[in-house]
Amino acid sequence: MTIFKLDKNALSEIVRGVKAQAEAALDEVCEVSAAQMESSAKRNAPWTDRTGNARRTLEGFTDKSGHERYIGVCGNMFYSPSLEMLYGKKYAILYPVVQAETREVLLRLANKVIAVKLRGE
């Protein structure tokens with residue numbers, strides 16, 4: 001007779017390890033993506049700088065709430081919403097950067113999953 005024994009405690013430990021690796025990989029992808037969004041927004045902002053404050057205060061961010069992750073870019077001047085929403089959206093950069101980077105975020109995440117899988121972690 002052949003018996004296959006599955007130890008519930010060992011399996012639980014493996015699942016916890018995989019979950020921790022997935023969390024770490026996701027956090028890394030989020031941080032890299034937020035930095036890329038910030039860089040892209042600063043580099044491609046369509047306005048002409050006067051003081052440079054609008055461009056200098058563009059900031060990529062990441063946040064998590066439960067199982068959800070948020071990645072984005074924001075403007076931190078009191079007039080940043082005006083640049084984004086007024087003037088026929090001629091000076092908008094935040095929404096266009098997030099739209100352009102969404103595909104890249106998904107590709108980074110897929111590549112991270114593949115890399116972890118290939119290493120056998």
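**Largest pocket**

The largest pocket has a volume of about 330 Å³. The model is a predicted one. Fourteen residues, written here as 14, line the largest pocket, and those nearest its centre are Trp 47, Thr 48, Arg 50, Tyr 79 and Leu 83. Two elements give two or more residues to this lining: helix H2 (53-56) and helix H3 (80-85).

H2 supplies the largest share of the pocket lining, with three residues. Sorted by class, the lining of the largest pocket holds six nonpolar, five polar and three charged residues.

**Cavity**

The structure holds one cavity of 30 Å³ or more. The volume of the largest cavity is about 50 Å³. Its lining consists of Trp 47, Leu 58, Gly 75, Ser 80, Leu 83, Glu 84, Tyr 91, Ile 93 and Leu 94.

H3 gives the most to the lining of the largest cavity, namely three residues. By class, six nonpolar residues, two polar and one charged make up that lining. Trp 47 and Leu 83 line the largest cavity and are also among the residues nearest the centre of the largest pocket.

In soluble globular proteins, nonpolar side chains tend to be buried together. In this model the largest nonpolar core has twelve residues in all: Met 37, Ala 41, Ala 45, Trp 47, Ala 54, Leu 58, Val 73, Leu 83, Ile 93, Leu 94, Val 97 and Val 105. Helix H1 (8-44) and helix H4 (94-119) are the elements that give two or more residues to this core. The largest share, three residues, comes from H4.

**Contacts of Val 73**

Not counting residues up to four places away in sequence, Val 73 touches Met 37, Glu 38, Ala 41, Glu 59, Gly 60, Phe 61, Leu 94, Val 97 and Val 98.

**Lys 112**

Lys 112 lies in helix H4. Is Lys 112 buried or exposed? Its relative accessible area is 19%; buried means under 20%, so Lys 112 counts as buried.

Leaving aside neighbours within four places in sequence, Lys 112 is in contact with Ala 25, Glu 28 and Val 29.

How values were computed. Residues are numbered from 1 along each chain as its sequence is written. This is a predicted model: local features need pLDDT of at least 70, side-chain atom pairs count only at pLDDT 80 or more; totals for chains, interfaces and linings use all residues. Side-chain values use heavy atoms; hydrogens and water are left out. On a 1 Å grid over the protein atoms alone, a cavity is a set of points where a 1.4 Å probe fits but cannot get out, and a pocket is an open set with protein on both sides within 12 Å along at least five of seven lines; lining residues have an atom within 4 Å of a point. Grid points are joined across faces, edges and corners, and a volume is the space filled by probe spheres set on the points. Helices (H or I, at least four residues) and strands (E, at least two) are DSSP runs, numbered from the N terminus. Ala, Val, Leu, Ile, Met, Phe, Trp, Tyr, Cys and Pro count as nonpolar, Asp, Glu, Lys and Arg as charged, and the others, Gly among them, as polar. A nonpolar core is a set of buried Ala, Val, Leu, Ile, Met, Phe, Trp, Tyr and Cys residues joined through side-chain atoms within 4.5 Å. Buried means under 20% relative accessible area, exposed over 50%, partly exposed in between (1.4 Å probe, protein chains only). Contact means heavy atoms within 4.5 Å.
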